[in-house]
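Here's a quick briefing on one protein model, for someone who likes to know the cut-offs. Have a look at the structure first.

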Amino acid sequence: MKNNKRQGYFTSVMLVCLMAFTSCKVTSQEPAKKEIVISKDSKWSDKMALTLMKRHPESYMIDDSKKPKWDYVHALVLHSIEELHKKNPDPRYKAYIRGYVDELVQNDGTIKTYELDKYNIDLVVPGRLLFDIYATSKEEKYLKAMQLVRKQISEQPRTASGGFWHKQIYPNQMWLDGLYMGEPFYAQYTLTFEDGKSFDDIAKQFELIQLHATDPKTGLLYHAWDESKQMPWANKVTGNSPNFWSRALGWYVMALVDVLDYMPKEHPKQKELVKYLNNACAALAKYQDKSGLWYQVTDKGGQQGNYLEASGSSMFAYAFAKGANKGYLPAKYKKLANKAFDGLTTQLITKVDADGGITLTHACQVAGLGGTPYRDGSYEYYVNERKKDNDPKATGPFILAALELNR
């Protein structure tokens, strides 16, 4: 009896050991995640994308996010990587984008962390990532998610003249940022699924901001326009905010070149949008610094506290280059874009890490109007907002500019 017990004990021990050995063997055979290598000979577009992927192994970690969220900054960077994948079909790029979308889009087409009833136009732009994934996979959940985002556009509160409010909490206000956040998705959706029925409405958004927010003296556009003229930051006659912020202008010209991808040349409003692009870019060209870059407050170069800023400069480089490549802008803008890109790479990327990663400095992290604590749109406000290295609002447009310039 004792021998039987002893034999049973040894058998159990042997089984446990065997299971542990098998487990270790299986684990050791699992493929390790391939380390990202950034070659010094790579193009700037790949260098920046690979740097971000190395620093943020999961795409939801972009902007140092701790958990997944449906957000415009992730969308901007991932859209730029999507464009990069078209020119350099590295499967890691596609997987990185898909990882973000699949973390958030549920099987029933709902989107984690997305709150439609806040009517925040910033949350429309991530919908751009869904078109290609749906076209290749044909999975209904991606279509449903796009339809959900389209529902927000249908219900988005509007000014009396028909312009989208920037957010539910910012009544009667159109911000330049909002043109990029809403219109490229809206244009791609109406072309893809609605036979282009909403192009007039899309053009109207640009018409309103062009009409009301353009400064007749400089040709630049103010950051925001309050149709009600009730906000403390709003000019009591025009409703405009008090200053020109380069990133806001960058959102605007990027919105124009991206919407024009979808609007047919024969559409009666197409030439109008091309004219707006030419007007805005001509005004911006006058304020390009000798370094090739633009200042945080666009028209006040050299004033105390102002600085050459990465996100606006990257956005202008992209819009100038794409506009010239597509024939919307004269060829000289390609030269101005290259000058801007030279400024970014020589003035604002001042060191390369040991692993080949690059850092784009002097990017304004955030700026807005109103809210709590209150943001008054003053010169002092813009130049004193915090900066962040490799901020996504700079790195995404940097990749897009590099692609248009083949650099």
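Predicted model: local features only at pLDDT ≥ 70, side-chain atom pairs only at ≥ 80, totals over all residues.

Residues are numbered from 1 along each chain as its sequence is written, and side-chain values use heavy atoms, with hydrogens and water left out.

**Overall picture**
- The protein has 14 helices and four strands, taken as DSSP runs numbered from the N terminus (helices H or I, at least four residues; strands E, at least two).
- Its C-alpha trace spans about 100 × 45 × 45 Å along the principal axes.
- Of the 407 residues, 56% are buried (under 20% relative accessible area, 1.4 Å probe, protein chains only).

**Helix 5**
- Helix 5 covers residues 130-137, and its buried residues include Leu130, Phe131, Ile133 and Tyr134.
- These buried residues pack against helix 4 (91-104), helix 6 (140-155) and helix 7 (176-193).

**Largest pocket**
- The largest pocket has a volume of about 740 Å³, the space filled by probe spheres set on grid points joined across faces, edges and corners.
- A pocket here is an open set of points on a 1 Å grid over the protein atoms alone, where a 1.4 Å probe fits, with protein on both sides within 12 Å along at least five of seven lines; lining residues have an atom within 4 Å of a point.
- Asp71, Tyr72, Asn120, Asp122 and Lys167 are the closest to the pocket's centre among its 30 lining residues.
- Helix 3 (72-87), helix 7 and helix 9 (246-259) each supply at least two residues of that lining.

Conventions. Buried < 20%, exposed > 50% of the residue type's maximum accessible area, 1.4 Å probe, protein only. Contact = heavy atoms within 4.5 Å.
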